[in-house]
Amino acid sequence: MGEAQTKAPGTGTGSQVQASAERARKARVRAHWLLNTPALIILLCAASGPLFVVIIYSFLTPGDYGGIEWAFSLDGWFSVFMQRDIFEGTLSVADAHMSILWRSVRLSLLTTLTAFVLGFPTAYFIATRPRETRNVWLFLITIPFWVNLLIRTFAIMELIRNKGVINTILMSTGIIEQPIQMLFTDFAIMVGMTYVYLPLMVLPIYASMEKFDFRLVEAGYDLYATRMKVLRRIILPLAKPGIVAGSILVFIPSLGAYVTPRILGGGKNMMLGNLIALQFGQGRNWPLGSALALTLLAMVMVALLIYVRGVAKQDSGRH
Amino acid sequence: MKLKVLIAALGVSMMFSNGPASAEGELNLFNWGNYTNPELIEKFEKETGIKVTVTGYDDNDSALAKIKAGGHGFDMVVPSSNYVPIWIEEGLLLEARPDQMPNFENLEDQWKDVDWDPGRHYTVPWQWGSVGVMVDTAVYDGDINTSSIIFDPPEELVGKINVAPEMGDVIGTALRYVGSEPCTSDKEALKKVRDLLLEAKPKWLSMEYGVIEKIAAGDMAASLYWNGAAFRARLQNPDIHYGYPREGYSLWMDSVGILADAKNVEEAKTFLNFIMEPENAALISAFARYANGVKGSAEFMPEDMATATEVIIPEEFKASGHFVPPCSPDVQAIYTAIWTELQK
């Protein structure tokens, strides 16, 4: 950029001006790249680098006691989807992996749904408060983030265990005689994940509703729309970007959740995160673990792509 | 497992955040979670001025994987007997020759030369114990000296059973239950075990570590677990008792070794010698409630240890306990396949 300034204005011919403009542009591009270098290095080293290692590992042979041997093998990828029966030697679809995958997807979807059912009214409530008090409500939503995830998860355990708060209250009021088994069930995993990820649903929905013109709702009522109709035809469509963003933000971390299923799920039924961890620990099969991790990544990317496409379609629809 | 590591790291860092100022050296111990007596560490720090940091792990394989990955910064590790040969073979342990240390004489004779570490060139006993069943006798008061508690449970215990998620211990115990041996390559037996486990699983509640407090609080009523933990649970809730499966049960000894890439080798050697002192070994046992293998440590231990059937194996059950060899990679692969199918 300095080069361009040394040239006194108006002294050059047309081609000289052009050349200097060209130089200035090049210098700008150079400076642009130079300034971007730190970010690029971080991206390459911290994001792509490890991912690259994972990709390479997924094509290697497992070491006898963990780790990898430097020999090419497709077994890792093969056993993500297929399994050889240990005793008969027959090939079949890896149904253990498939059912774990299905459990993860199912629980994540349920979590997303529950988070929506709880999060949407919450966001609506906050968005309809007077401007001055909204920040207080938002603040209340974010407070749980200040507490470590582990501690929050253990707190939930304290609530739902057999001699925990809920069962104690129910039993002392005589509603039930035997404690309800809540801890170590899929229900517990879902409660835990919903609680942990709820703010990720509330905040985007709130963001999309905050800009919302509530005169539209009034207009709807004026035109004799029922409450349901106003909700379905006016509020939901306008809040849709927030709902989609919130659902993605809840669904993706749920899919790879490790801590919550580990503590609240009782470890009897694995989710994807736990299956991957198993391969790097007792399973001693790092290539399979890498391939599974990449499968999870691919699934997340597909979910994101669907989202991006949906948003793009919506944008083009508006023009 | 990460979870316990986190908790342990958190706890330890809090515990020692105002540790001795005049530290002469440091030592990083990588041990099982909830297994290291803080008093032992305090005593060691006071006597030697070496600052110790303890980090916890949940199972042998995660410890092995972490150390193999490198860059861990630990000096010592405490693998179980059936894993020690793997650690040695993989070149992960330093040949520290504890057998030439001054306190080696204090070891009980049966632990001076062991299959997993011939001549004790690498490791020193930390604690030893067994894999058995702990049962809340307020829920079930029948015979508890059988692994059918886990694999073919009585009506009262259905849906209230926990199984330690330690693959080797679970499949090993199941193999003994069907009349075979751990690490066998006999496919028929392994198949029987798979079917047995798959059939039993719906009757289980969970597969968890950290059982002591949960069984004492009534979250579960029985568990395949380790004897010392059962003892600790009984101290919290007198109804919890420990059974030695007469179908056969596994013995193990966790042994401390120095890592080949340890940075504080001298400090680590000091520690090895330190824990072979009866008074110090007693501290290890006083916390985790397992036997330690050092002569004369009993007199420094809490009185209740001397009569605890969890620690002193009753004569009638002694014969059914056996140490477990390391499994071959082929068998390990079958174990993993069974294990994945079990947890699907």
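1. Chain B has a radius of gyration of 20 Å, taken over C-alpha atoms. A compact globule with 344 residues would come out near 20 Å, so chain B agrees with that expectation; the globule rule is 2.2 Å times the number of residues to the power 0.38. Along the principal axes, the C-alpha atoms of chain B fill a box of roughly 60 × 45 × 40 Å.

2. A word on the ground rules: this is a predicted model, in which local features need pLDDT of at least 70 and side-chain atom pairs count only at pLDDT 80 or more, while totals for chains, interfaces and linings use all residues. Residues are numbered from 1 along each chain as its sequence is written, and chains are lettered from A and ligands numbered from 1 in the order in which they are written.

3. Staying with chain B, you will find 14 helices and 10 strands (DSSP runs numbered from the N terminus: H or I of at least four residues for helices, E of at least two for strands). Of its 344 residues, 53% count as buried. Here buried means 20 or more other C-beta atoms within 10 Å of the residue's own, exposed means 12 or fewer, and partly exposed lies in between, with C-beta atoms placed from the backbone. Among contacts in chain B with a separation of 6 or more, 74% join residues 24 or more positions apart; a contact needs C-beta atoms, placed from the backbone, within 7 Å.

4. Where the chains meet, chain A gives 29 residues and chain B gives 33 residues. On the side of chain A that touches chain B, α4 (95-127) and α11 are the elements that give two or more residues. That side of chain A divides into 12 nonpolar, 11 polar and six charged residues (nonpolar: Ala, Val, Leu, Ile, Met, Phe, Trp, Tyr, Cys and Pro; charged: Asp, Glu, Lys and Arg; polar: the others, Gly among them).

5. Chain A is divided into domain 1 (2-50) and domain 2 (94-318), with bounds from an automatic or database domain assignment. The C-alpha centres of these two domains of chain A lie 45 Å apart.

6. Just after α9 of chain A, A:Tyr224 takes a positive phi of about 65°.

7. A:Tyr258 sits in the loop between α10 (227-255) and α11 (259-264) of chain A. With 16 other C-beta atoms within 10 Å, A:Tyr258 is partly exposed. A:Tyr258 touches A:Gly273, A:Asn274 and A:Ala277, leaving aside residues up to four places away in sequence. A:Gly273 is 15 residues from A:Tyr258 in sequence, and their C-alpha atoms are 5.1 Å apart.

How values were computed: Contact = placed C-beta atoms within 7 Å.
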